[in-house]
Amino acid sequence: MKLETRKVKLSSAEIKNIYLEAFPKKERMPFPMMVAMSKLWNTRFFSFYDSETPCGLIYLASNRNLVFVMFLAVDKSLQSNGYGSSILQQIKNMYPDKKIIISIEPCNDNAPDIALRKRRKSFYMQNEYKETGYMMKLNGVVQEILITNGAFSKREFQSFFLFYSFGSIYPKIWK
């Protein structure tokens, strides 16, 4: 499989549909805002295509030391075919010297979709992500923090948010 990376545009309807299907409304950012933010030097919004088939997307922000993957999704009909792993590998290739952080819904046994959450976490662990032991609450949503390419630093991640958002986003992070 050879995935082609493209910048997401406002007219990328198929990618928007993948995004809207993959994330609950309370976790989403407005799609037009994401496209606009991706024009900044530190934010990227990429789609991935296998030939002309839209496979998935990734929305991330970076600074000198960190990359924070805010959204990663693969089209539901294409999951479990290696596309997600290929996308993660491309991100590692793009940022070989940076720590890459992903946040996921915690695997609480009482969660209604616990099987899906465990499968998602297993996917990241199989792709060399590690548990940090930290959780965060961002926009009212609790997430578990996973990392690859280095050790997690709470202070470094908080600084990342302060810099990225000009002080407007300061998630609660705890162990």
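Guide: Let us start with a term: a crossover is right-handed if, with the strands pointing away from the viewer, the path from the first strand over the helix to the second runs clockwise. Please keep in mind that this is a predicted model.

Visitor: Which elements make a right-handed β-α-β unit here?

Guide: Strand S4, helix H3 (residues 83-94) and strand S5 form that unit. The path from S4 over H3 to S5 is right-handed, which means that it runs clockwise when the strands point away from you.

Visitor: What makes S4 and S5 a pair?

Guide: Two strands pair if there are at least two bridges between them. S4 and S5 (residues 99-104) have four bridges, in the parallel sense, so they count as paired. In this pairing, Leu66 stands opposite Lys99 in S5.

Visitor: And what makes S3 and S4 a hairpin?

Guide: S3 (residues 53-62) and S4 run antiparallel and are joined by seven bridges, with three residues between the two strands. Leu57 faces Ala73 of S4 across the pairing, and Ile58 stands opposite Leu72 in S4.

Visitor: Where does S2 come in?

Guide: S2 (residues 43-50) is antiparallel to S3, and eight bridges join them. Thr43 has Ala61 in S3 as its bridge partner. S2 and S3 also form a hairpin, with two residues between them, and Ser51 in the turn has a positive phi of about 60°.

Visitor: Why is S4 called largely enclosed?

Guide: A residue is buried when its relative accessible area is under 20%. Nine of the nine residues of S4 (residues 66-74) are buried, so the rest of the structure largely encloses this strand. For S3, nine of the 10 residues are buried, so S3 too is largely enclosed.

Visitor: How many disulfides does the whole structure have?

Guide: A search of the whole structure finds zero disulfides. To count, a pair of cysteine sulfur atoms would have to lie within 2.5 Å.

Visitor: Why is Ser80 called exposed?

Guide: Its relative accessibility is 78%, and exposed means over 50%, so Ser80 counts as exposed. Ser80 sits in the loop between S4 and H3. Although not a glycine, Ser80 has a positive phi of about 70°. Glu128, in the loop between helix H4 (114-126) and strand S6 (130-138), is another residue other than glycine with a positive phi, near 75°.

Visitor: Why does Phe23 count as buried?

Guide: At 13% relative accessibility, Phe23 falls under the 20% limit, so it counts as buried. Phe23 lies in the loop between helix H1 (13-22) and helix H2 (31-37).

Visitor: Which residues lie nearest the centre of the largest pocket?

Guide: Ala22, Phe23, Leu72, Arg120 and Tyr124 do, out of 46 lining residues. The pocket has a volume of about 1,300 Å³. By class, its lining has 26 nonpolar, 11 polar and nine charged residues.

Notes
Residues numbered from 1 in each chain as written. Predicted model: local features only at pLDDT ≥ 70, side-chain atom pairs only at ≥ 80, totals over all residues. Heavy atoms only, no water. 1 Å grid on protein atoms, 1.4 Å probe; cavity = no way out; pocket = protein on both sides within 12 Å on 5 of 7 lines; lining within 4 Å. Points joined across faces, edges and corners; volume = space filled by probe spheres on them. Nonpolar A, V, L, I, M, F, W, Y, C, P; charged D, E, K, R; others polar. Buried < 20%, exposed > 50% of the residue type's maximum accessible area, 1.4 Å probe, protein only.
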